[in-house]
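Let us walk through this structure together, one region at a time. Take a moment to look it over before reading on.

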Amino acid sequence: MSDTASRIEELRAQIRRHDHHYYVLDNPLIDDASYDRLWRELVTLEEEHPELVTLDSPTQRVGAPVSELFSPVQHLRPLFSLDNAVSDAELDAWEQKVVRMLGRPAEGYICEPKIDGLAVVLTYRDGILNVAATRGSGEVGEDITANLRTLPSVPLRLLGDAPSLLEVRGEVYLTLDGFDELNRRRREAELPTFANARNAAAGSVRQKDPTVTASRALEIWVYQAGVLEGGPSLQRHTEVLDYLQSLGLRVNPRSSSAPSLAEVKEYVKRMLDEHHRLPYQTDGVVIKVDSLADQDELGATARAPRWAVAYKFPPEERVTTLRDIRINIGRTGAATPFAVLEPVFVGGANVSMATLHNEEQVRQKDVRVGDRVVVRRAGDVIPEVVGPVLAADQERSSPWEMPSDCPFCKGPILRPEGEAVARCTRGLTCPSRLREWLFHFSSRGGMDIDGLGYKTVDMLLRDGTITGPADIFSLGREHFEDREGWREKSISNLLGGIEAARHRPLWRLLVALGIRHVGPGGARLITARYRSMDQIAAATEEDLAAIDGIGETIARSMREWMADPDNQDLIAKMGEGGVSLADPEPEEKVLPTLAGLSLVVTGGLDSMNRESIQQAIVARGGRFVSSVSGKTSALVVGASPGVSKVTKAQRLGTPVLNEDQFLALLEHGPEGILAEE
């Protein structure tokens with residue numbers, strides 16, 4: 001056998017094994033990107049050597065074997081897979097094939113988010129749900145009717161004048177909040193957690209007990225009509241989606257027409273930027289020729305329609321080896337474990353380290369050195385280890401334990417009673433704590449000193465130029481002029497940033513000091529009552545706790561920090577360095593009007609608590625309402641927002657504001673931010 005034939009057989013065997021684990025066992029051994037590489041290599045070799053193509057090759061069928069756990073269902077029409085594209089050049093090549101086969105450009109396209117869930121088929125007869133099935137092999141699926149009947153988003157009877165026969169294709173998925181909650185419950189029950197939302201959705205749908213399916217946050221998006229009899233005559237795929245929606249089926253509101261491939265590429269770019277802010281997992285965009293007549297003319301290959309293609313985003317989950325577990329010591333002394341990984345390309349970047357959050361998470365996920373692990377990275381989110389991928393007979397290293405000594409200062413690491421986090425107990429004599437505190441102090445959330453990042457902090461600490469934050473305000477040009485890499489512009493930028501920091505509002509200084517439990521919201525409330533460091537230092541714990549929105553925990557932390565002689569010396573040195581330790585008295589100001597505007601707020605804001613938000617809106621003549629409707633002027637989204645409110649706002653086209661935009665609205669009014677009603 002030739003080397004090429006041997007490689008083809010090897011690829012087929014690997015793909016069959018992975019298909020079985022993915023489709024039948026719901027326990028994939030590799031990530032999607034690795035599978036795609038195997039698949040593309042096999043397709044390429046078979047295209048180059050058509051004489052080696054066999055009928056039993058995975059490329060010659062569209063799905064995977066059907067499990068014996070459920071009764072088989074013969075689909076009315078086969079379900080195809082989709083060819084993939086991973087670049088604009090491959091999209092161009094796909095369109096060129098379409099134009100070549102039609103003899104002209106297609107009559108527009110439609111773009112839809114590619115949902116990372118479980119493909120299903122729903123069949124309605126005279127408007128009544130008759131059978132629901134998995135995709136299975138594409139020809140035959142599994143009967144999951146009893147399970148899908150438990151999903152509120154699957155109508156048991158269609159609305160309006162239903163057709164005599166309708167077979168629709170869709171994707172069942174688990175919301176990201178639902179995925180996190182499911183894994184939390186499984187950890188509490190000491191059950192294995194799911195590696196990703198797709199596996200969880202598949203496992204949830206393919207349950208023998210429908211009550212288990214009903215207990216999980218499953219939803220469905222319907223994206224195509226496979227068979228339609230006794231209904232209206234439709235000419236375009238966009239018309240099909242509108243019709244399915246009119247029958248009460250759930251169609252993704254982010255589906256969008258695109259007259260040309262240029263608009264398709266714009267949609268892909270937009271979704272790539274936005275998709276990790278969605279409440280569900282997507283891994284690409286499906287692009288379809290819109291005209292149904294064009295679809296019929298283009299037809300399909302043995303496994304995929306020629307009139308559709310899936311643009312795959314860079315992988316956001318990959319499997320790699322966990323080389324080591326180490327800890328970092330933060331500014332509060334918190335000991336945070338992190339993973340040292342075999343480098344892997346995920347979420348558009350090479351990743352060699354990932355967070356493990358805390359000691360409890362390492363124990364719950366049971367990840368150990370030497371394990372193969374799933375790594376997740378979405379957009380700018382810090383990479384995290386999701387969990388291990390284990391073989392049944394795998395030998396593993398011992399469970400990880402938090403070290404007893406700090407690796408940076410050799411001080412004891414202790415976990416205070418009643419707290420979830422272990423901490424280094426050496427205070428700011430620990431070089432890691434000092435380093436993290438200085439970076440926090442100068443960061444955008446603190447004093448916002450341009451040019452004073454980790455690299456510069458490390459340099460100044462290394463040679464003893466600074467030993468704490470007060471030393472920053474004694475830095476001058478002479479401290480940088482002879483250093484490699486420092487030029488006039490970079491020196492001027494840093495010194496300008498330091499000068500600007502001397503005049504920051506008092507609340508920023510409180511945040512920058514890193515006082516435990518005192519964030520931007522609490523700092524603003526305190527400095528609204530006490531407008532100088534002297535006043536804050538003189539306030540009792542009871543005085544501070546009496547401020548609406550502060551409470552005993554923040555008040556106690558503030559009082560303890562202010563009473564520490566070292567901290568008093570620090571404040572005095574900052575004053576000597578020219579740092580403003582008081583805010584000017586506020587001027588009387590005419591507030592902009594929000595009359596006629598109805599605002600909904602979901603999630604937490606750093607700068608204001610919920611009562612302050614309501615007061616600010618009402619004081620300006622606006623209405624603070626609790627739910628999104630067609631009359632809502634804008635939805636303000638903070639940290640951990642409610643998924644249903646965001647989804648409804650997107651569906652209604654309601655403007656969505658982040659915290660900075662909301663503060664600008666309060667400061668300047670709606671002009672340039674919202675169209676006045």
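Predicted model: local features only at pLDDT ≥ 70, side-chain atom pairs only at ≥ 80, totals over all residues.

Residues are numbered from 1 along each chain as its sequence is written, and side-chain values use heavy atoms, with hydrogens and water left out.

Q295 sits in helix α10, residues 292-298. Helices (H or I, at least four residues) and strands (E, at least two) are DSSP runs, numbered from the N terminus. With a relative accessible area of 9%, Q295 is buried; the word means under 20% relative accessible area, against over 50% for exposed and in between for partly exposed, using a 1.4 Å probe and protein chains only. A polar atom of the Q295 side chain lies 2.8 Å from the backbone oxygen of V289.

Now step back to the whole chain. Its secondary structure comes to 23 helices and 22 strands, and its C-alpha trace spans about 80 × 65 × 55 Å along the principal axes. Of its 677 residues, 48% count as buried. Among contacts with a separation of 6 or more, 67% are between residues 24 or more positions apart.

Next, find the open sheet of five strands, whose order is β2-β11-β10-β3-β9, with mixed pairing. Two strands pair if DSSP finds at least two bridges between them. At the edges are β2 (84-85) and β9 (256-258), each pairing on one side only. Strand β2 runs parallel to β11 (residues 308-312), joined by two bridges, and N84 is opposite A310 of β11. Helix α8 (residues 237-246) packs on this sheet, touching β3 (109-115), β9 and β10 (282-289), and its direction makes about 55° with that of β3. Helix α9 (residues 261-274) lies across β3, β9, β10 and β11, at about 20° to β3. For these angles, axes are lines fitted to C-alpha atoms, for helices over the stretch in contact, and angles run from 0 to 180 degrees between N-to-C directions.

Another strand to follow is β4 (residues 118-125), where seven of the eight residues are buried. On one pairing, eight bridges join β4 to the antiparallel β7 (residues 165-174), with L122 opposite V168. On another, β4 and β5 (residues 128-134) are antiparallel over six bridges, and V121 has A133 as its bridge partner. The hairpin of β4 and β5 has two residues between the strands, and D126 takes a positive phi near 55° there.

Finally, which residues touch the most other members of the largest nonpolar core? They are F441, L513 and M558, in a core of 50 residues. A nonpolar core is a set of buried Ala, Val, Leu, Ile, Met, Phe, Trp, Tyr and Cys residues joined through side-chain atoms within 4.5 Å. Helix α15 gives the largest share, six residues. Neighbours within four places in sequence aside, M558 is in contact with L510, I515, V518, I526, I536 and L544. Apart from this core lies another, of 34 residues, among them V120, F194, A201 and V222.

Key. Contact = heavy atoms within 4.5 Å. Polar contact = N/O pair within 3.5 Å; in protein donor to acceptor, adjacent residues only side chain to side chain.
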